[in-house]
Every structure is written in C-alpha cells, then in structure tokens.
Number of protein chains: 6
Amino acid sequence: MKKSGRKVFFNGEFVDELDAKISIYDSALMFGDMVFEMTRSFNKKQFKLEEHIDRILMGVKVLRIPLQYTKDELIDICNKTIEINDPYFNENDEHRLMINISRGTLGLYSHLFDKQESTVIVSDFPLKWTVTGMDVLYQKGINAVVTSQRAISQHLLDPKIKNRSRVHYQMANIEASMISGENNWALLLDEDGFIAEGTGDNIFFVKDGKVITPEGRNILKGISRDYIFEICEELGIECLEKNITLHEAYSSKECFMTATPFCILPVRTLNKIDIGDKVMGDVTSKLLKKWSDNVGVDIRQQIFDFNQDFKNTSGGSTPYSFNS
Amino acid sequence: MKKSGRKVFFNGEFVDELDAKISIYDSALMFGDMVFEMTRSFNKKQFKLEEHIDRILMGVKVLRIPLQYTKDELIDICNKTIEINDPYFNENDEHRLMINISRGTLGLYSHLFDKQESTVIVSDFPLKWTVTGMDVLYQKGINAVVTSQRAISQHLLDPKIKNRSRVHYQMANIEASMISGENNWALLLDEDGFIAEGTGDNIFFVKDGKVITPEGRNILKGISRDYIFEICEELGIECLEKNITLHEAYSSKECFMTATPFCILPVRTLNKIDIGDKVMGDVTSKLLKKWSDNVGVDIRQQIFDFNQDFKNTSGGSTPYSFNS
Amino acid sequence: MKKSGRKVFFNGEFVDELDAKISIYDSALMFGDMVFEMTRSFNKKQFKLEEHIDRILMGVKVLRIPLQYTKDELIDICNKTIEINDPYFNENDEHRLMINISRGTLGLYSHLFDKQESTVIVSDFPLKWTVTGMDVLYQKGINAVVTSQRAISQHLLDPKIKNRSRVHYQMANIEASMISGENNWALLLDEDGFIAEGTGDNIFFVKDGKVITPEGRNILKGISRDYIFEICEELGIECLEKNITLHEAYSSKECFMTATPFCILPVRTLNKIDIGDKVMGDVTSKLLKKWSDNVGVDIRQQIFDFNQDFKNTSGGSTPYSFNS
Amino acid sequence: MKKSGRKVFFNGEFVDELDAKISIYDSALMFGDMVFEMTRSFNKKQFKLEEHIDRILMGVKVLRIPLQYTKDELIDICNKTIEINDPYFNENDEHRLMINISRGTLGLYSHLFDKQESTVIVSDFPLKWTVTGMDVLYQKGINAVVTSQRAISQHLLDPKIKNRSRVHYQMANIEASMISGENNWALLLDEDGFIAEGTGDNIFFVKDGKVITPEGRNILKGISRDYIFEICEELGIECLEKNITLHEAYSSKECFMTATPFCILPVRTLNKIDIGDKVMGDVTSKLLKKWSDNVGVDIRQQIFDFNQDFKNTSGGSTPYSFNS
Amino acid sequence: MKKSGRKVFFNGEFVDELDAKISIYDSALMFGDMVFEMTRSFNKKQFKLEEHIDRILMGVKVLRIPLQYTKDELIDICNKTIEINDPYFNENDEHRLMINISRGTLGLYSHLFDKQESTVIVSDFPLKWTVTGMDVLYQKGINAVVTSQRAISQHLLDPKIKNRSRVHYQMANIEASMISGENNWALLLDEDGFIAEGTGDNIFFVKDGKVITPEGRNILKGISRDYIFEICEELGIECLEKNITLHEAYSSKECFMTATPFCILPVRTLNKIDIGDKVMGDVTSKLLKKWSDNVGVDIRQQIFDFNQDFKNTSGGSTPYSFNS
Amino acid sequence: MKKSGRKVFFNGEFVDELDAKISIYDSALMFGDMVFEMTRSFNKKQFKLEEHIDRILMGVKVLRIPLQYTKDELIDICNKTIEINDPYFNENDEHRLMINISRGTLGLYSHLFDKQESTVIVSDFPLKWTVTGMDVLYQKGINAVVTSQRAISQHLLDPKIKNRSRVHYQMANIEASMISGENNWALLLDEDGFIAEGTGDNIFFVKDGKVITPEGRNILKGISRDYIFEICEELGIECLEKNITLHEAYSSKECFMTATPFCILPVRTLNKIDIGDKVMGDVTSKLLKKWSDNVGVDIRQQIFDFNQDFKNTSGGSTPYSFNS
C-alpha cells in the first residue's frame, strides 16, 4: 500500500487514509444506511460547508440516527481534518471532504464492540482525483442519455436524503456506458416521466431567457443547484423550478449539469439531439464566469490545469468519474 | 475490543472478525453497491449453500461486477471459513455465514490501492446471535404491521438482487417500532397495493387448504420461501404464488413468516386483526415439523434452547433481530 | 332517551333531535350519497355560513341532486334552526350546525313514501361536544401519523365534494389509534406520495417564512383552510399551495392543523420527528391570535373553558373527536 | 304514509318499515361507515344466507365494529324477520332481506343515547320491487357502458368490504344514463385499465368455451358470482378468474351480468359493439337454466310474471333498479 | 372524380389535389410516422405561419426525420401553394393549409423508388369545409364529454409532437358520439385525472376572473392556445396554466375551446352540468371580439356566412368536423 | 420509377405497385386510423391467412370501420392478388401480403371523391425484401435493448389492434440504434415494468424447461406467437403466459423473438448480459426445426439463401428491417 500521510477522522480518531474502513457489521454496509456529504474548497477555503452539514443533519434526523456530535462539533471536525491533511496537499490542490454518518453496528453484533455508537467519518482528498479528465467536456459537451432506469420516487426512497442506498445510480451509469460515442452521462426520468437528475448531478435548461430546473421532488437538492439560484439572482436572471418534460428539454436553448466538484458542465446533446447551437450557451458561460468570480477561481481553467499536471506526472489519462 | 478467535475471509486472506472492514472508498459504501447472502447450518451442516451462491452470482451478473472467483471457489471459501471458525463455536451452535461481494474501490480512488479487484468477504458467526429472544414469537405470534413505506418496484430497484441499497427497510422497521404493544414486524405493500414482504422475511398465508405467498415480483425470493414450496410438495399441500390483497390476508386461516435464521414464525395478527383462531395454525405447525424432521433439528426447540443459554450466561435478554 | 329540547330541521319540519333519523331506504344510507357541512359560531354568530352553503350547493350540482330549496332558503333554514334551538344552549355555547342533503329514498322504494324529494336536514348542537378535551393539544401538540391508508384521488372520489362516502377516513383513524403514545392524528398521503390531509382537517407548514399547504387537489378544501389564506394576507405573511413531500414537512419550522371546530391546533411531531423547536411556533400563534381577534373569541381559551365546564359537570373526561 | 304491516328488525326490536330510520349521528351516516348485505329467496327459502352473513362479518372484522350478535344470532334474526313479515307477502313474492351493520352513533354524540351499541338492522321487502321491469333485458340484453369513472383500488377503499361509501357508483350510474338509447348499464374499469364490475353486479364473459370473470381484486366478490363457479363445475364448464381487458371482452362470444336479485342477465353489447351473435348466448342460457333448476324457480319467467302483476295492478311501468 | 383546379405541393411538384397520395410503403402509413400542421388565413393572410413551421420542425427534430428543406424554403413552399391555388378560391374563402412531413418510404421498400427522401406535402383547401355547420355552437355551446379514453402521457407518445399516430382521438370521438343529445365533443383526462384536451382543440376556463388552461404537458400546445395568452395580455386579463381537475372545471364561470379553424367556441355544459349561466360568458366574448379585431375578421360572423353560403348552394347541411 | 409488373388490390381494382397510394385526406393518414396485417407464405402457400383476416376484422369492429367486404371476400381478394402477382415472383420467392383497411377519407373531404367507402388495400411483395441480411442473427444472436420508451398501456392505445398509430415504435428503434455494437433490437417494458414486446416482434424465454412469454395484455398478440404455443404442444413442451420481469429474463436459459417474416430469431444478450450459454439454445433450435418441418421450408436456410442471392445480384448488403 502507498501511504500518503493523509488522515481520516474516524469516530474521534485520525487514522491513516488506507485504514479508514467500516466494519462489515455496520448498518452502513448492512442496509446502505448511511448519510453522506462531499464538499470541495476554492483556494482551499471550504464552500458552503454549513449547508452540507445542515443537509446531513436533516438526513440524520429522518433516519433517526442517534448522533454524538452537534452541528458545531461536526464543523470543527471538518476543519480539523483539513488542517491535519493540508501539508500533504499540493499548493494548487483543493480539499474534497467526504463526511459519512451511519448508526453504527447493528444491535445483534454490538456485543462484539467496545461501544455502540454512530459511525462518523470525515476524509479529505484532492479534488483533482474527481475532475481530472473533465476538461474535454467543456470543449465537447456532455451527451445526456435518458436511461430506462427511472428515478425512485421520493415516497419510496427519498433522494433528498443523500444516502448510500443508491445502487440504481450504478445501474443507470452502466446503461449509459452502452451508448455509442463518448461523454454519455445518464439522465433519469422520474416515475411520472419528468426529467429528474443525473446520477451525481442536477440538470438545468435555459429557455425563453429563463433558467429552469426540475422541481425538488424526486431528486437530490444539490448545494450547487441551490447556488445556481443565488448566482442567477445576482445576475438578474430568472431561475425557477418546473416539471420538465423531454419536449421542453429538446426545445431549450441551453442545458448544463451542476455538481460540487465541477460546478457547471455544458450538455451539448440530449439523446444525441442538439440542444441549442453551441457547446456552451451564453447564459451557461455567464453563470460559470460569475461562479468563478465569486469564489476567486477560474473553475474551467483549474480543471484544465489539473489535467495538464496529471498528464505531466503520469503520462496517462484518467477517465473522469462523477460522484458528488 | 473482545477478540473471539473467529476469522473472516477477506479477499484471499483470513482476518480477525473485528478487522473485517471495508474501505470507505469501496463501491459497497459509496453506492450500497454490494450483493450479499446470509446462510445457516443445521447441525453444523450448511443448508442450501449452493442456492445461496447461485443467487449471489445472479446479482453479480446483473450488477456487472467482475468477479475473480468461480462458483466452486466460492463454495470452497465458505467451507474453508467454517472449518477455520468451527473450533470457536459451541457444540450446539450453528454457523451463520455472511457473504458479501462488491465491485471494490471506485475508479477514482483505485490508485491508492495495490490492486483493483472486487471485494469478497465471508464471515461466520453463531446463529444464536440472530434468533435469541425469538422463542416468544412461537408463543405469541407476530403482529404484522402494514407500513406507509411501500416496497420499491422491481423495475426501479430489484429486491430479487439481494443488495445493500435497502435503507427503506430500515425506515419500515422504524415505522413498525412506533406501534403500541410488542412483536410488531413491518409488512410492506408494493406500489400496486399488494402484499409484498417483510424487511427480512417472506410471508405466507393458508387459505382454503392452500398455502399462498405473493408473486415473486417486488420481493426477495427467499431460499426459505423456495423451501416451503418443497416441503409443501412433500406433504401433498398445494402451494402457489398469487397477488395477495389485504382482504385476502384478513380472511386467511393462518399466516407465517419465513427467513433463513428462524425458518418459520407464526403471524398471529395483521394490523392487530386476528388471522385464524390460534397462534400457530395446523398447516404452519405441520410445515415447521416437516422442516425440522428434514434437517434433523427441532427448529423451535433450538431457538428456545439458545434463549435459555443466553439467559444463563448473560442474565439478561436480547431483543431478537431480523436480518435474513 | 334524554330529551334536550333541541330540534332538527327535517324536510320542512322541526323534529326532536333524537327523532332526526333517515330512512334505511334513503340514498344517503344506500350509497353514502349525501353531501354535508358542519359549521360553527363565534359568540353565537355563524362563521362563513354562506361559504358553507356555496360548497354544499356545488356538491348538490355535481351529484345531480334535485334540490327543493334555493341558496337563500337554505340560509334561512339554518338561521331558523339556530333561533329555535338557542334557548336550549348555554350562554357560552356555540352553535354547531350540521347540514345534510341527499337525493332521498331510492326509486325502487319511493312508492312507500308520500313524496319523493331530496332529504334536507339541519341539526344544531353545542360546539363543546366536539372540542372538549382538545385543550391538551395546545400544550402538547399533535403527533401527525402518516398512515398506510392513502387519500383517494380526486378523479375516483372527489374529496372536494364533502360527502359521506368516507369510510376510508375511519380506516385511517383506526390505524393512527394503534400508534403508541397519545395525540396521534392520522395524516394521509395521496397516491402520488404527497401530503394530502387529515381525516377531518387540513394541514399547514411554515417554512422559510412562508405558510404552505397542499394543493387543493386530493383534499377537502376547508373553509378554515381558506380563512388561513385570508388571515395571512391581513398579516402580510405569504401563504401558498404546493405539492408537499414528507421531506419538506420534516424540514419545516412549524406545522398546524385547521378545521372548523378548533380553527388551529399545533402539530408538534410528524411520525414522532420534531417539527421545529416548540409546541406552537410563532407564526402559528400569530395566526391563532389574529383569528381570535377577528372573531372576538379567544379560541384557545374557549376550548380550555369548555373543558373546565365539562370536568365540573360530569366529573369525567371525554376524548376529543375530530369531525369537521 | 302507507303502512304495509311489514316490520324491520332494529337493534332488538321490530319496528314498522317506515320507522326504520337511522340517527343522523350514526357513523353509518357520518362516514358511510356501514356494511350491508342484500339477499333473496327462491320459493321463499333464503339463498346462501350463511354466505351473506359470513361476508358481512368479515366486513365487521376489518372495520373493527364491535358487534353484539354472533353469527348464529344474526341468522336467527334474519329468519325471525322473515317469519314476522311473511303474512304481508303475496304467495308468489320472494323475501329480499337488507342487513345493515354500523358501529352506531359517534362517540361525541353518544351521551344523547341510552346505550352505545352497534346499529344492526334487518329489513325484508318483496324482491319484485327490484326486478320488475327487467324482463325486457332478457329480450334485448344490456348495453354495458365503460364509464370514465374508474373503480377505486382495493388498497384505497376495498370493494370486497360491501360498505356504504360508494357514491362513486352513483356517479357511474349518472354517466351511463347519458348514453343514447336504452338499457345502458355502467361498467367500471379499474385503475390498471382492467374490467372491474358494474355498480351492483359482476360481469362474466364466455370465450373459447370457458367462462371468465375479473380477478377478485378491485370488485365486490358477489355471492352470485361465486355461485356461477359452482354451477359451472356442476355443468362441467371451466370457469376462471382473469385480468380482462376491453379487447378480450370485445372478442368474447357471450357476456352476462350477475347479481342477487336477477341472478343472470345477458349483455348484448359493450359500448354498443356486439358481443357474439345473439342476445343470450348458449352458455349463458345453460347457466340460467341450471340455476333455475337448482333453486326450483324459473328465474326469467318469475321476473316476467312480476312484471305482468305490476302492469295489472298499477297500470304503469317501473324502470328497474339495480342494487345487489 | 371532380377536379377542382387546386394543386398540392408534393415533394417538389404541384399535383392535382386528387392525386395527392402517399405510397403505402411510406413510413407515414406504416408507422403513423408523420408530423403535420393545419393553418388558416384571415382575409387570405396566413395566421402564425412561422409558428406552425417552427412547431413542425421541432417534430422533425425529435423524430429524427432528415429533411431536405430549410425553414425558409418551407415558408416559401406554403406561400407558393397559396398563390397557385388562390384563383380557385372564392373571394370570401380562407386558405387552410395542411403541411405533412414523413421520413418517406421505409428502407426495405426504397429500392422501388427513384430516390429516398422525406415526404413533404402542402395542400390548400377552403376553411369553410371545416367550419361550416359550427355556427350553431355559438348559439347552443358545446357539451364537453369526459370520455373513458384517457390522453396518452407525454413520455409514452408526446402530443406536443403533432403527429399522425392518434387513432385514440378517433376512439374518443366515437365514444362522445354515443352520448344522447347534440354538440357532444370529447374531452380527455390524462392518466393523472387532470383535464387534458379535446381531440382537436384546447380547453380554457374562466374562474375568479382569471383565464386558466391545462399545463402544457399531456396535450398539444396549440397555436391558438398560445394566442389566447397573447390576447389576454393585451386585454390585461391574467391567463395561466394549471393542473385542472373536474371539480375546478365544474366550479368555473366560463369555458371555451380553441383551435385553428374556429378560434374560439363556447362550452356550455361539461358532462351536461352547466358551466356558468349563459352560453358564452363575458370574458369569452371579449376574447373572441379581440381576436376578430386583431385579424380584421368577425370570426363568428364568417362562420355564419359560410353556413349560409352552404345552405344556398347545396340545400343541405353538413355536420361540422373537428380537426385542427 | 422501376415498374415491376406487380399489382396491388386497391378498393376493387388492381393498380401498379408504384401507384398504390392513399389520399392525404384518408383517415389512415389523418389519424393513423388504419388496421393492417402482414403475412407470408411457405413454398408460396399462405400461412395462417384466416387468422390474419380474423385479427384485422376484430380491429375493424373495435374501430367501428364500416367495411364493404365479408371475411370470405377478403380471403378471395388476397388469393386473387397472389395469383395476379405470382408470375412476377422468382421460383424461390415467398409472397408477403400487406393488407390495409381504413375508414376512408374523412367526412369533411368526402365531397371531393366519387364515393365514400373504406379503403381496402392488399399488396404482395417478395418476403426476401424483409429478411435479407438477417442470417447473421442466427450466428450472432440479437442484443435486446430495453429502451426508455415504454409500451403504451392497452387501455390507452391497444397494441392488440394492429394499427398504424405507432410512431412510438419508431422512437424505440431510434433509441436502440444508439447502442454501441451491432444487432441491437429494441425491447419495450410496459408501464408496470414488465417486459412487453419488440417493435415488430414478440419475445419468449426458456426457463426451468418451460417456454414463457409476456401475458397478452400490452402487446400485439402475434400470429407467430400463437404458433409457438401450437408447436410447443406438438413437442410436449409446456408453454405459458406470465408477467415477466427483467430479473426473470436475465435468469433464463434461452430467449428468442418471433415475427411473421423470420419466424424465430435467437436473442443472445439482453442489455449485453448473456442469456444462457450459446447463441441459440436447444429448445429454440427444436422449435425452429419443428416449424420448418411443419411448413416444409428450412426457415433458417431460406434466409441464408435469400442473402446469397442478394449478394450475387446486387453485390451489396442490405440491413434487415423488422416489421411484422
């Protein structure tokens, strides 16, 4: 194993990244019963950390996980984790935190363990792992592919509780991987036939001068998705939630995906039908520029730079991954 | 930590039970993307092991997990695990195996690890952990409770692939725990309003002299469920699959649950409405007796004995758990 | 039988309350084919009587009941009924009218009766019968319980036609009564998994400073529900209809129920998960105060007083009932 | 009022038919919360009385109505009612019993009444009231009309519990009455688009030599429907339940309705499309003959005779009604 | 055959109207795989031609039909067709264009034909063929009839792509034709039970001073429908999209249909229940007047005049047809 | 144009194949309102012609098309058409009839035409046009691809009425064409998530020694599909209808498609997951052999021979088409 020096907060201790492991008797593994968040920094400053913590605490509440930490303590843990790991990050790296909370080992196995408590884990790794290779998407755009896999309705398994029971997202990814050509990303319809979300991203359209996105029902309400509303307001662009059909999508002028690691990526085609007439539409560009300005990082350039670094050091290429 | 001596097979090695842990970067944790099986022995002889292996391999195939072991090798691993652990089991203990297979660490984290391979884990622990405390259910019967949580339809997330994305079962369990009185077990309807399954068990009814159980659609098709069909055939009792409504359930003469650890448990009431006129109906008793005879273990008595042992040694009582 | 002196308007006559009975051959009984309203007074002055009459006439129209009275005549009947009964009411009593209209006896039985006409009944009884015992709910709040019983969709049986075919509300009440603890009130989701209504009340949430309530689709559009919109406007609080999911409910700051007899009652928990951080939130309190001010009755105090009276006179306690 | 001498059993007493009335405060009226049965005799001997009683008791159980009578007592009450009324019946009349059970007055009104008990009513009237005028249907056949009103799914409001919350049947009847031409009877599809039932009758088709009828799911499982299975077995005709689509119906050779009062009536057209090539097909005729033979009454002739009597005595004509 | 002189544009040529025929091997016939538009003129000037062309091009895009003409060329073709045909039109006639585009003959038959290209057809006939006989509807109003035939959901077959696979509209028309009385037009609910559209027209209601129409989801978004929004804005009347239930419809004050040939027609009754209190409500009249003013044609008078002409020339009457 | 000599029956006349065209004013084109059949011969003898005629007449009945021909006349027309065309067929060719029936020109256009009658067309072309190129599928097998396009439910648009409103099949074909690799054929799930059918073929699976196929509900009940039941009976193989889920499909041992032109083609993979362990399973082979024996044509060899002919004559290759 290649030790990196990075440490992971694990129920009160900092352990080596490679030792950050969860017991097979933990409810997280037994039931996919774990809520999580994945954040990022801009210039090493966490973005919307409080919002991420609020969202995970909402999940903790609904799943009735008894938690030994307060909101403030969780924020402290995050900050402490970054502090400990920063020495092992490059100067131009960004901190991507993964926060996991499960209710711990199931009752019938609990006698094996010293204490019965929730499992709380915070790891910290370079953002570039996630976004390297995505620069091509700014040039070519994503082909969003509607899969036969539908989104699960909120009353059956609520996607707004960001939890680990989501193998159906893997199924959708597998399906998208069977499409010919490149840059195919899965897009799920919900059971009503409305556009829902990608498997790790929210989708937006620009139509009639307005920015629209699916109602926050059968989707994860992404922190990035929320931020688009903020930026739009700053820019004086109307942004609203709607039930969006494929027809409305096809007749849009622009389309883009949002997620924490890459912020905004253009969608060029939907089921290989052109959306608008260029890779990245004007409104999308404006939003990406505003976001970059607001956080003091040229988001697209940064991904380009990560990619260059990677090519220089490894001489190879990594296909991007998309988990937010 | 309390070391027991028991070992868990973990990707080619046998590690201490307490060290059987999965990386936080494993797809099992990231996506609930792991298939699993839980078996049991009768008189220390595994029951239907091949059927369990066949089922997990079916899941491996549908989830497109590249697996480094053949079916025969998996069976060997199970047997080897039992052999290694048997010295640490009591004479009257039964071996409960848990077999887990995930596709391993996600691509973006794989460079951290020496090799990229599927995660294959076989653990082995005493069955009594699971069934101790359940003897009361033979005396009082379960109260099956229809929860507002519905089963997820097979075309959204197939319950027949026994996988770890099942936090909705936890939600149903939490809901059942809010019912007044004792021995409340969750029972899920599917989206069409038909009776589906419990959160770790299949349900059967006896009506008009026939044994009926929900169609194998929006449920896990349990190995124990299959075995009921076998026993019924041996006993000359007609056993069939049906779409079962609540009305049909209420008008049944008997009802029982099946699952690997306890085989058969009587359901006395459904939403507190009596099913039939005694705790365990005649057909149910006959089936339990036949099963006991076939495997050479008095199943009910064994659970009673486990409970007595437990009371003698711990002086306390453990509420039963229900994971099949 | 205990004669009270109160009279009920019954197809043109005033009969003793205990003689207000409907033939078993009436369509009301044969088909649950009767529309109704239940009103209340404040300081003995009917509240929104015209709105109640308009609503029942809408039901009369859709059910194609041939009605022998005009709107004005119906209002006169109500007023006359109150006038006749008032002497038998205590000074602090309020008049609760029940108005029933069915199409009368079915055709095949009509030859038994002198005339074939619609059945029109107006009864008048003290409001305290309904609300006595509810004062505890202002102190502890309701625990709203999502039942497995779903609301029936409007295109199958329209809840906006306030009619008597509603045994499913009874089923939901029975289900809620099985929850452990006290003050459990049923809350129905509709077939789409959105929050619909209680079995005799509408639900509101306060979130992001706004008052929200389910769209008027698969619910009864309560007169009290309408009045909340009025009060909100008077107070300058935004109030709007939405499709509301459980997640949105759990993440609200306040929640309350409305219905004619009690006006507003706080919901403290939803499926035993806390909503907000106190029994009755600030906005809810403000709305109740405004309503009280508008009608010149301290609504909460009145219920408290009714309860005291009841305890003084009967020496016992009545569980509240909830029929609006 | 025209007193007939007939008496109705009403909670332990026999009251005049015109005095058989239910308090407006009874749950039967407040919630449509009443189960019921309607029977008939052949040659004054009740048909399948025990099956009717069993069915109503199943409804009592599911609705959790506390009932003060046993099954045997209910049968005694029915017999006693017939005995008392028989003197007022003509020689050729048949006894049509209506049995009603509700949980009685609601709690909040119960203090008005001497005792709080379930409401149990048995009335007895001549069958001819129901079937007079139906003889034309044996000559012309019914035109079954698929209404836009759908059957309510069993998990929302179970039609197998024969209860009074069924104003949607009235709505369907109103819809059918708008079709041009005569003898239009409503036929409901369920929410899945399968043929369900009429508003007071079950439907059968003859196809490929087999008798088929919708699965017993979103329909009332009629006693007459059950009897068709019995007769078919006696005649050596295969009879089975199926999910039946409109296409299957249109391509059938025969179609008929069953209900207690008329037993079997032919359906000539479905949405005005011919089913088969004559009004009453051979299998239907055979079934009606067998039924007549079994009960010792020429069912069709009896309805014809009732009609003649009616014309002789009243000089008018009554449109048939259809309540089973 | 009666030659009229009128010519139809047919893949580059102008052929006689009676020779405008499509090969049986064309995808249009094999799969109903053709998009189309039907326009009209006012005073011989095409109305919203560009909008019609835009809509058909959207259909061409989604159906992936390779088209040999640009938008401008299509407009030229339309204008040229009118120019050629105008000599054969009466002075007071209006030009009704029908534009058809299919992908041409299927691959397996293509070797029969000289070239493989899309089929593009533009015909031009007098509007009066369509609207003659409709003047009675301004006097009596339409009776909109909710059929058991539901609208097909947009994710199954998108009505917003105006295509020829719409035999279900014929089925709905047949159903409406079975209603007694006159002027019955089919109205489809969608699968969710919301009001969708007629079989060749969009529906609007006037309620609380607002003009409302179903959300543009499971309906064709008519050009006339869009124009109502425009006129409303000009008149300062609020006009909005909503999910509209039957209850909302019944409680409206006015109702009307829109479609290209007749623009606006009043709906007097819905399932024979009165909407409002006169045939054509005030808002509807105002909208029709505004439309007439805007286009310089008294729309209602023109239809009346067409009818008079027809009666004068043919001495007979034609039932109106309704295809938009 | 290349005249072939082949003639098409067209409403009483035989016209040249290239002149077989339908007016743009025909309901077939206006509404996709046409039923059709496509047959084939074996050794120039029509196969199941009567069954095809029966099926089209069923469609005629449900669509209420007034038809000027009897069943016997239609059969005569088919035979006459073959007789006339046979001289233009090669010795080894097979006759593929296409029979089309629509209700003719719409009423508003009918005055243009001499008579108003249904449109009845029978064309006859060589089967090889359809199956040439399919021989590769016997070697490699089809990859069946579940599309996001779902089958339309029978109560919305009945696929059992073989009609021309089926552009959604084109949409599914387009979707399948986007999958990487070759031999991808669309497979539609119905709205319940069950496997329905291909876009011109029915699907069968072999499992547990039985041949299973989807219930005849949301699919076309193919004549070939029916014939598989016949052959199975001859071979003593159990063949039955079931609701089939994807899981059941994945765990099958064999899979094949049926349709008139090719009879049986093996499905090797489903969503690229292997079904069984060879291209064409033993049962499938047995069925194909039996079919070949029964009709006196080696079906697979014939397709191979057609292909060789084609290559010899045209020097090119035609991708197969799939319309049944």
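Before moving on, some ground rules. This is a predicted model, in which local features need pLDDT of at least 70 and side-chain atom pairs count only at pLDDT 80 or more, while totals for chains, interfaces and linings use all residues. Residues are numbered from 1 along each chain as its sequence is written, chains are lettered from A and ligands numbered from 1 in the order in which they are written, and side-chain values use heavy atoms, with hydrogens and water left out.

Now color the interface. The copies meet through the same surface, because 100% of the interface residues of chain B are also interface residues in chain A. Contact, here and below, means heavy atoms within 4.5 Å.

## Stop two: helix α6 of chain B

Select residues 167-176 of chain B, which form helix α6. Helices (H or I, at least four residues) and strands (E, at least two) are DSSP runs, numbered from the N terminus. How many of the ten residues of this helix are buried? Ten of the ten are, so the helix is mostly covered. Buried means under 20% relative accessible area, exposed over 50%, and partly exposed in between (1.4 Å probe, protein chains only). Click along α6(B) and you'll pass buried residues including Val167(B), Tyr169(B), Met171(B) and Ile174(B).

What do the buried residues of α6(B) pack against? Show α1 (27-31) and α2 (49-62) of chain A, then β10 (184-189) and β11 (195-197) of chain B, and finally β9 (142-146) of chain C.

## Stop three: chain A as a whole

Zoom out and show chain A by itself. Its cartoon has ten helices and 17 strands. The radius of gyration is 20 Å, close to the 20 Å from the globule rule for 324 residues, so chain A is as compact as a globular protein of that length. That radius is taken over C-alpha atoms, and the rule is 2.2 Å times the number of residues to the power 0.38. Along the principal axes, the C-alpha atoms of chain A fill a box of roughly 60 × 45 × 40 Å.

Of its 324 residues, 69% count as buried. Look at the contacts in chain A with a separation of 6 or more: 71% of them come from residues 24 or more positions apart.

Select Arg40(A), in the loop between β4 (34-38) and β5 (41-42) of chain A. Is Arg40(A) buried or exposed? It counts as buried, at 2% relative accessibility. Show what surrounds it: setting aside residues up to four places away in sequence, Arg40(A) touches several residues, among them Phe47(A), Glu94(A), Arg96(A), Cys263(A) and Gln302(A). Asp124(A) is 84 residues from Arg40(A) in sequence, yet their C-alpha atoms are 9.4 Å apart in space.

Next, pick Lys48(A), in the loop between β6 (45-46) and α2 of chain A. Lys48(A) is buried too, with a relative accessible area of 17%. Check its backbone: phi is near 60°, a positive value in a residue other than glycine. Most residues other than glycine have a negative phi.

## Stop five: chains C and D

Jump to Thr39(C), in the loop between β4 (34-38) and β5 (41-42) of chain C. Thr39(C) counts as buried, at 0% relative accessibility. Beyond its neighbours within four places in sequence, Thr39(C) is in contact with residues including Leu49(C), His52(C), Leu97(C) and Ile99(C).

Then try Asn183(D), in the loop between α6 (167-176) and β10 (184-189) of chain D. Phi of Asn183(D) is near 60°, again positive in a residue other than glycine. Asn183(D) is buried, with a relative accessible area of 12%.

Last, show chains A and D together: no contact joins them, and their closest C-alpha atoms lie 15 Å apart.
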